[in-house]
Amino acid sequence: MSSWSIDGAQVQTVLNNVKTYADQFQTGLSEDKFTDLSNCLTAGMTEGSASVNTVTGAVPGAVNDLISSLSDELTTIGNRVQAGILGVASATVSYNQGNEEMAATFQSEMSTAAQTGDFSFFEQHNVFGS
């Protein structure tokens with residue numbers, strides 16, 4: 001056994017905070033938000049009977065191109081956060097149960113999932129609680 005001392009409750013507090021911020025990030029970057037933005041740029045918004053904030057020319061297309069170009073990066077950010085939460089939580093439980101080998105495996109699989117977006121290891125080990 002190593003000389004580490006991991007407080008599961010403190011780890012859980014940090015992970016809950018990370019999840020809260022990750023959820024806010026996801027909500028702010030949802031498909032609906034991008035659709036609303038696109039609609040506002042191309043059709044404007046209506047207040048009463050007046051149309052306001054209509055943007056014309058190349059701006060709507062440029063904004064759509066920018067959003068499209070960030071899609072892969074945003075997916076990568078989401079994968080890394082999700083992998084971090086699952087990997088840290090699972091490794092902590094394994095470590096506290098005295099299973100350092102499994103804790104190390106969860107750490108390794110966390111890195112793999114973050115890079116590839118493949119969470120099948122965590123699914124196979126019932127980390128999602130299904």
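How many salt bridges does the count come to in this structure? Taking a salt bridge to be a side-chain nitrogen of Lys or Arg within 4 Å of a carboxyl oxygen of Asp or Glu, the count comes to 1 salt bridge.

Before I go on, please keep in mind that this is a predicted model, in which local features need pLDDT of at least 70 and side-chain atom pairs count only at pLDDT 80 or more, while totals for chains, interfaces and linings use all residues. Residues are numbered from 1 along each chain as its sequence is written, and side-chain values use heavy atoms, with hydrogens and water left out.

The salt bridge joins the side chains of D23 and K19, with 3.1 Å from N to O. These two residues are 4 apart in helix α1, residues 8–28, so about one helical turn separates them; helices here are DSSP runs of H or I with at least four residues, numbered from the N terminus. D23 is partly exposed at a relative accessible area of 37%, and K19 is likewise partly exposed at 43%, where buried means under 20%, exposed over 50% and partly exposed in between, using a 1.4 Å probe and protein chains only.

Let me turn to helices α3 and α4, which pack at an angle of about 175° with their axes 8 Å apart. The axes are lines fitted to C-alpha atoms over the stretch in contact, and angles run from 0 to 180 degrees between N-to-C directions. Because angles over 145 degrees count as roughly antiparallel, α3 is roughly antiparallel to α4. Contact means heavy atoms within 4.5 Å, and the residues that make it include S94 and Y95 of α3 and F106 and M110 of α4.

S94 is buried, at 6% relative accessibility, and, leaving aside residues up to four places away in sequence, S94 touches N99, M102, A103 and F106.

Technical notes
Parallel < 35°, antiparallel > 145°, perpendicular 65-115°, else oblique.
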